[in-house]
Amino acid sequence: MPGQKRVAAVHDISCFGRCSLTVALPIISAAGIECSVVPTAVLSTHTGGIDGYTFHDLTDEIMPIVKHWKQLDLQFDAIYTGYLGSFQQLDIVSSLFDLIGSAHTLKVVDPVMADNGVLYKSFSPDFPEGMRKLCAKADIIVPNITEAVFMLGEPYQKGPYTTEYIESLLRKLGDIGAKQIVLTGVHFDDEQLGTAAYDRDTGKVGYSFAGWIEGYYHGTGDVFGSALVAALLKGCDLTDAAAEAVKFTVGSIARTKAAGTDIRFGVDFESGLGEFAARLNNRAW
Ligand code: PXL
């Protein structure tokens, strides 16, 4: 499709806390890409370390929204899914791919459900199996190491990792079905943290690292995934897109750390949007 690209972002709206749609919409838009949204739920905040959050499920809204779009014959260059709260939502999003996705639509699934060896508290232990089925329909999946091993039914291991371990995970993740995998949370020592981007057809693995910043900052997976989708649609190949997304995410974390912000409140990605957009627009393709 020539001209401006269009993405459908399928995530919840956590009204405060900078994750999911409040991150995807600004980052993808800043790159000059149209970002339509399918909100899957509305929460007062995300569920990561903030108690007392409200939760309003929007599962019943998803198909009516998407059927209307289908009537309008809207075309999407990418569908980008993140946090999905139930098995029912996994099934509905799977149908959404069939309804509004075409052969030209890049389907990017971030299997948001776990980190640091533990499932987020809203998910049951059998959720990774359901997420694995959705990942099978994707072109690109973006798991962290915990999500990867949970979908593979393997025990979580703390890093540092070896290249052999990371690349065996990538190959097994490729067998789930997606052609390309971007694995996050990869580290071979305690100094650098980054990603491994794998193309199943070529077998090529490209690594992107940046200096490790101590602290668990909320929403960084969504900042990374949104920047990755934006960079891919601007024409970066998988490894370059992952490198741009690592740079943007780590810059956001560094600013947040310097400001001393509560780690639950998300990262200051906003101050980096201008530079991010300029880098994507000024690359010599
Ligand atoms: O950033 C992932 C995410 C998205 N949405 C909600 C969450 C989380 C992670 O905890 O709770 C509601």
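Q: What share of the 285 residues in the chain is buried?
A: This is a predicted model, and its chain has 285 residues. A residue counts as buried when its relative accessible area is under 20%. By that cut-off, the buried share of the chain comes to 50%.

Q: What radius of gyration does the chain have, and how does that fit a compact globule?
A: For 285 residues, a compact globule would come out near 19 Å. The chain's own value agrees with that, so the globule picture fits: 17 Å.

Q: Which residue meets Glu270 in a salt bridge?
A: Glu270 is in the loop between helix H8 (238-259) and helix H9 (273-282), and its partner is in the loop between strand S1 (6-16) and helix H1 (21-30), so the pair ties together parts that are 252 residues apart in sequence. The N to O distance is 3.0 Å. The partner is Arg18.

Q: Is Asp98, the salt-bridge partner of Lys137, buried or exposed?
A: The closest N and O atoms of Lys137 and Asp98 are 3.0 Å apart. Asp98 sits in helix H3 (residues 87-100), 39 residues from Lys137. Exposed means over 50% relative accessible area, and Asp98 has 54% relative accessibility, so Asp98 counts as exposed.

Q: Where is Asp189, one of the residues in a patch of negative charge on the surface?
A: Asp189 gathers there with Asp190, Glu191 and Glu214. With 33% relative accessibility, Asp189 is partly exposed. Its place is in the loop between strand S9 (180-186) and strand S10 (192-199).

Key:
Residues numbered from 1 in each chain as written. Predicted model: local features only at pLDDT ≥ 70, side-chain atom pairs only at ≥ 80, totals over all residues. Heavy atoms only, no water. Patch = residues over 30% accessible without salt bridge, like charges linked within 9 Å, V, L, I, M, F, W, Y side chains within 5 Å. Areas by Shrake-Rupley, 256 points an atom, 1.4 Å probe, with all protein chains shown as cover. Salt bridge = Lys/Arg side-chain N within 4 Å of Asp/Glu carboxyl O. Lys, Arg positive; Asp, Glu negative; His and termini not counted. Charge placed at Lys NZ, Arg CZ, Asp CG, Glu CD. Helix = DSSP H or I, 4+ residues; strand = E, 2+ residues; numbered from the N terminus. Buried < 20%, exposed > 50% of the residue type's maximum accessible area, 1.4 Å probe, protein only. Rg over C-alpha atoms; globule rule 2.2 N^0.38 Å.
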